[in-house]
Amino acid sequence: MGRYILNRFLQAVPLMFIISLLLFVLAQNIGDPIATMGGRNPLRSTDRIRLQRQLGLDQPIYLQYVYWLIGNDWTKIDVDGDGIKETTGRRKGILRGDFGKSLIKRGVPVTKLIWERIPNTLILMIPAEIIILLFGITIGTISALKQYSFTDNAITALSFVGLSMPVFFIALILVYFFSVLLQRWGFPYLPSVGMFEPEIGKTPSQVFWHMILPVASIAFVSTATYSRFTRSSMLEIINQDYIRTARAKGLEGRYILIVHAFKNAALPIVTLVGLDLPLLLAGAVITERIFAWPGMGRLFLDHLHRADAPVVMGIVILVAGAVVIFQILTDLVYAALDPRIRLE
């Protein structure tokens, strides 16, 4: 198993190189970051040239990629009342953990911006993932055990409703009912913006009340997806001969369901979880935007809009690395659930 993990990591090296190269080229063509630095006042041509030289944007794109990977020496020239002040330094490069500095928030390291937002994203995404797994697997199993009954038909109908509705539509419906209408009718209502009320502060109770609507919006659609996958997998397993044999032996139904059926039906669900977990770091872009939640998704959108390539690249490389790691973990879980699977 150790050799398998080592081989997978070695395979991931050229994969990450290709991904980073493609993403870097795309990130460099999303816009002009210098155009947004002057605010409402356009930059003078001399200032623009100076900023391009300081930021290294005047170099060919292949050199910019090499500098981004392995680092380079930089020089910053400032002109003030005391004359010309020149500052030099060296950026280590992403291979040594230096993602560079934001082009928009001058002097702020990309890693600092990301680590400030990751806790907020995990506060939102981890409870959502727990709810998705709990309700999605439970509802899907009940639907499979009661095939073609009224319960199964009702669950199937609600699942298709959840799958057909985009996340932003679900979020707007929840905001309109639980925030707007309840407030208008004089009932207690749920907040729909931010993580806490500024006059109260970031207390656990404030964060809890503010995260209810975003979590519900994320969980609704994904729960429908998990329930459909669970139902399909369970229906395939519970009709197998070894399940009928276990029933004929007089084993308890709950034991058959947990030990024999669910363990073998879990492989497709593990695949879904393995794809979802890396996205916990990326955050929910649409949901965070609607609810003004200060997480990774909102950070990505804000800096993508202003063509801040170092921040955009930092986020997507972090997510790409998490995908590679979690896919290896998914393969290990496969082998644990099904002894027929060999990793060697």
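These legends walk through several close-up views of one predicted model.

**Before you start.** This is a predicted model, so local features need pLDDT of at least 70 and side-chain atom pairs count only at pLDDT 80 or more, while totals for chains, interfaces and linings use all residues. Residues are numbered from 1 along each chain as its sequence is written, and side-chain values use heavy atoms, with hydrogens and water left out.

**View 1. Helix α5 packs against helix α7.** Let's begin with a pair of helices. Two packed helices are described by the angle between their axes and the distance between the axes. Here, α5 (residues 150-164) and α7 (residues 204-238) pack at about 135°, with axes 8 Å apart. Helices are DSSP runs of H or I with at least four residues, strands are runs of E with at least two, and both are numbered from the N terminus. The axes are lines fitted to C-alpha atoms, for helices over the stretch in contact, and the angles run from 0 to 180 degrees between N-to-C directions. What do we call the way α5 and α7 lie to each other? They are oblique, because angles under 35 degrees count as roughly parallel, over 145 as roughly antiparallel, 65 to 115 as roughly perpendicular and the rest as oblique. The crossing of α5 past α7 is left-handed, meaning that the near helix is turned anticlockwise from the far one by less than a right angle (clockwise would be right-handed). On the α5 side, the contact residues are Asp152, Thr156, Ser159, Phe160, Gly162 and Leu163. They meet Phe220, Val221, Ala224, Thr225, Ser227, Arg228 and Arg231 of α7. Contact here means heavy atoms within 4.5 Å. Sorted by type, the residues of this α5 and α7 contact are five nonpolar, five polar and three charged. For that sorting, Ala, Val, Leu, Ile, Met, Phe, Trp, Tyr, Cys and Pro are nonpolar, Asp, Glu, Lys and Arg are charged, and the others, Gly among them, are polar.

**View 2. Helix α4 meets helix α5.** The axes of α4 and α5 cross at roughly 140° and come within 8 Å. That makes this pair oblique too, and α4 passes α5 in a left-handed crossing. From α4, look for Ile139, Ile142 and Ser143; from α5, find Thr151, Asp152, Ile155 and Thr156. This α4 and α5 contact has three nonpolar residues, three polar and one charged.

**View 3. Arginine 231 sits in α7.** Zoom in on arginine 231, a residue of helix α7. Is arginine 231 buried or exposed? With 12% relative accessibility, arginine 231 counts as buried. The scale is simple: buried is under 20% relative accessible area, exposed is over 50% and partly exposed is in between, using a 1.4 Å probe and protein chains only. Leaving out residues up to four places away in sequence, arginine 231 touches Gly140, Ser143, Ala144, Gln147, Tyr148, Asp152 and Thr156.

**View 4. The largest nonpolar core has 23 residues.** A nonpolar core is a set of buried Ala, Val, Leu, Ile, Met, Phe, Trp, Tyr and Cys residues joined through side-chain atoms within 4.5 Å. Which residues have the most contacts inside this one? They are Trp68, Ile114, Met313 and Ile317. Two or more residues each come from α1 (2-27), α3 (61-70), α4 (110-145), α12 (296-305) and α13 (309-337). Of these, α13 gives the most, with eight residues. Another core, of 18 residues, lies apart from this one and includes Ala128, Ile132, Tyr226 and Leu272.

View 5. Most residues other than glycine have a negative phi. With a relative accessible area of 5%, alanine 307 is buried.

**View 6. Isoleucine 286 and phenylalanine 168 pair up across the sequence.** Isoleucine 286 belongs to helix α11 (residues 285-290) and is partly exposed at 43% relative accessibility.
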